[in-house]
Each structure stands twice: as C-alpha cells, then as structure tokens.
Amino acid sequence: MKLQRTLLQFSILGMLLNPLGSIFAENIAQKQLQSGHELQFDSPEHFDLGAYALLSLPSSQGGVDKIYGNKLIVKSLQTSYGQMNLSFADIFWLGGDIIGEPKQIIGSSLTPAITFQNNLAAFDKYKDYIPAVFTVYSNVINDVQKFVDTGSTLVVPDKYNYEYNKATGGWGGAAGSLLKSGLYLKLAQYNYDHFGENAVKSYVAGHTLALEYASKATNAEELKYAYFVEGYADHFLTDLFATGHSRTPRVEIVNYCANLGQGPASFLTKLMHDQDGTTGLTLVNGKGETWFGTGDENFYTPANKDNKLRALSVVQQSVDQVYNAYVSKNANVDLNITEMKKVMPDIEATANLAQNTAMFPPMYKIVKGTDGSLIINQYDAKTKSYNQLRCLSSATAAAWNYAFN
Ligand SMILES: [Zn+2]
C-alpha cells in the first residue's frame, strides 16, 4: 500500500510537469491497473460463469451430450511449450482481458465482425504466452478461493498483475511493469469494449458470428468452433452484469481527456468503476425487469446473488441459441439478438433509472456544453462536488484524494 501511494504521488507530480506529463500519465494508467481493480479480479468470475454453462453437442450415438463449459475443449493450440487445450470457460476469462488485439476496438468499428475476428485471431498469434498465463492463474485461484468460499469481497495481491504482464511479454515486478507493458497491460489501456454500449456491440458482433458458424456447422468439431467464438463474445455479455461497467463513460472520458494520453482517463475510469462496482446499481433489462447487482470484486458476495444467477441464465440462453442454430441450420440473427436484448442489462435504461440517479448519482457524466465542448460533471458521493472541471484538474484532484484520504 505504501509503495502504491508513493508511486501514485510520483505519478501525480509527473502529470503536472509538462512536457513529461504524458509519460507519467501513461505510468499512472499502468499503476492504477496494476493496483488491481480493472482486470485481475475479473478472471475467476468470468471463468465461473463460463464453467456453469451447459453446452450441447451431438453425441456419437445420435443424441445430445450436455457438457459443462470448463469440460468442453473448444480450442487446441500447439505452442512452443507443448499443446494447450482451452475450454469454453478458458476463452471466457482470457478473451479481451488477457488475449486480444489492444487497438482493435469492436465497439467503434465500422466492420465489427472483422474487428471481432481480429481479436479472436490473437489466440493463435499470442499462443506462446498462454502456458505462462495459466501458471499465474493457478496461483490466483489458490489465493482467491478463500474469498470465494466465504462470499466476501475479493482481495488479490498486486503481484499478480505484474506476473500477468510478464507472462504476456512485458516485464515483471512493480517497476518493471511501469517500464514495459506486455499484452495484458496494453489490453487494459484500451479496454473500451468492456464497458457500456461498447460491450453490447462487442457481444452482438461475436454472438452473431457464433450463430452463423453454428448454422453452417455439419459436425461436432465445427460446432465447437462456434462455441469458441461464443465464449469470447460472452466475456462482453457478462461484463454487462458487473455494475462498474454499466454507466462508466469509458470512451467519453478518453475523448474528454484527449490531450493528456491514457493516464488520467484510465484513472478517472477506475474511480467510477470501483465506486459503482462496490455500491452496486439496480440493473434493468430490455423487458423492464429490475434487480440489484454489484461489480467485479463483489461478484461472490451475498448482495450479488440474484445478479449472478441472472448472468448464468442469460449466458445459458445465449449458448442454447448457438446450439439451436446448429440444429435448425438457421442463424436467425435478428430474432435471436432481439431475444437476448430482452434479458441482458439495458445500458441506457440502467443509467436513467431514477432510483440509480437519486441514490447513487454517477461520479462522472460527460455532456456537451453550449459551445459544443465536452464537459464533465463530477458528483462525489461524499463531500466534493466539482462541476465542469477540465480533465487534468479532475484527475489530479481525484488522484490526490485517492492517495491521501
Ligand atoms: Zn472484461
């Protein structure tokens, strides 16, 4: 903790010094990601949501086998360190967070299907990272199991972020991670697709592809490929159930902070992500049903129980659609997406729900000023109320608060 604060104060100083600002700003982004809240805790939740899905496959006897997501191998890779067999649940947690193409943003792409495919191709391109990633992951699981068992907020040591960074081609340790980003930290810096409408678009792009592959599949092996695609898509689907991802204006904050690099934007994102994830929000789906949920680190807490069950059933519905496309030889994309939108969180409805805005005002809301410029309205749940602050002063004030309060 002490080291983190020292690094942060160092980074704040850096942000204030021009022209070195952007270099230190990059560091603050890395620091905040290494400090643990953006990504590292996501892995076990994503894995579990994928593991509980029951995937249907045609059996050799002519019936249907139902196989849990952690048992069904959907991708085999020949790496320099031997063969890696990845289950549907593995694709779920690796996809986008650890294996992907950092600057291939699906949510803003004019050709989302192609951009989604470019991200999928990262599994082949970066396959040699995967064995080391699994070594880190097995240690993470050992450490988090006690929190999972007791249903408490997850606390995972910072060292795992450094280890994931090292496993994916960067340098290890706190200082090393600041100096050389691996694929893990690069993905974290461009994780726009894991938030809000970008996550919706990313899921829709991937699920559409999975339905199309399944409708054309003629055997179990080809259907497994459709499940591989679906696993990656479902990562984004389940991000929508983590309330820190619901209304945090990830992309808008980046645009707002455009001249300052990724650092301050990532930092502001983290603060709102953590606040909404911890206090939770009432989520609304396309049918207007509401339920309470919390965010990443609180996935296993009793308060998040309904939300977890919802997420599991929505994932199940999504993979069942893939199997039905295989059986019927019809992707039925429009109908299937319409059905999914009825049950998955509706970003706009959730953000606008009166009980959310009244009880848990958004920390940041980006709006257009009368002159067309972007304005950030910050509401601090405790004492501060900054309005129409510029990005740098927002980030500096927030970082100062974070470091010293
Ligand atoms: Zn994610």
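Let's start where two helices touch: H207, A210, L211, A214 and S215 in helix α11 meet S318, Q321, V322, A325 and Y326 in helix α15. The residues of this contact between α11 and α15 divide into six nonpolar, four polar and no charged. Keep in mind as you explore that this is a predicted model.

**How α11 and α15 cross**

- Helix α11 covers residues 196-216 and helix α15 covers residues 305-328; their axes come within 7 Å and cross at roughly 30°.
- Angles under 35 degrees count as roughly parallel, and α11 and α15 are therefore roughly parallel to each other.
- The crossing of α11 and α15 is right-handed.
- Here is a handy idea for reading such contacts: an α-helix has 3.6 residues a turn, so residues three or four places apart point the same way.

**α15 has another partner, α16**

- Helix α16 spans residues 333-343, and its axis comes within 10 Å of the axis of α15, with a crossing of roughly 175°.
- Angles over 145 degrees count as roughly antiparallel, and α15 and α16 are therefore roughly antiparallel to each other.
- On the α15 side, V314, Q317, S318 and Q321 take part, and they meet N336, M340 and V343 in α16.

- Strand β5 (residues 281-284) and strand β6 (residues 290-293) run antiparallel, and four bridges join them.
- V284 has T290 in β6 as its bridge partner.
- Five residues lie between β5 and β6 in this hairpin, and in the turn G288 has a positive phi of about 85°.

**A buried tyrosine and a buried helix**

- Y137 sits in helix α7, which runs over residues 130-150.
- A residue with 20 or more C-beta neighbours within 10 Å is buried; Y137 has 22 inside 10 Å, so Y137 counts as buried.
- Y137 and Y160 are 23 residues apart along the chain, and their C-alpha atoms are separated by 8.4 Å.
- Y160 is one of the buried residues of helix α8, along with N161, Y162, E163, Y164, N165, K166 and A167.
- Helix α8 (residues 159-167) is largely enclosed by the rest of the structure, because eight of its nine residues are buried.
- After α8 comes G169, with a positive phi near 95°.

How values were computed
Residues numbered from 1 in each chain as written. Predicted model: local features only at pLDDT ≥ 70, side-chain atom pairs only at ≥ 80, totals over all residues. Axes fitted to C-alpha atoms, helices over the stretch in contact; angles between N-to-C directions. Parallel < 35°, antiparallel > 145°, perpendicular 65-115°, else oblique. Left-handed = near helix turned anticlockwise from the far one by under 90°. Contact = placed C-beta atoms within 7 Å. Nonpolar A, V, L, I, M, F, W, Y, C, P; charged D, E, K, R; others polar. Pairing = 2+ DSSP bridges. Buried ≥ 20, exposed ≤ 12 C-beta atoms within 10 Å, placed from the backbone.
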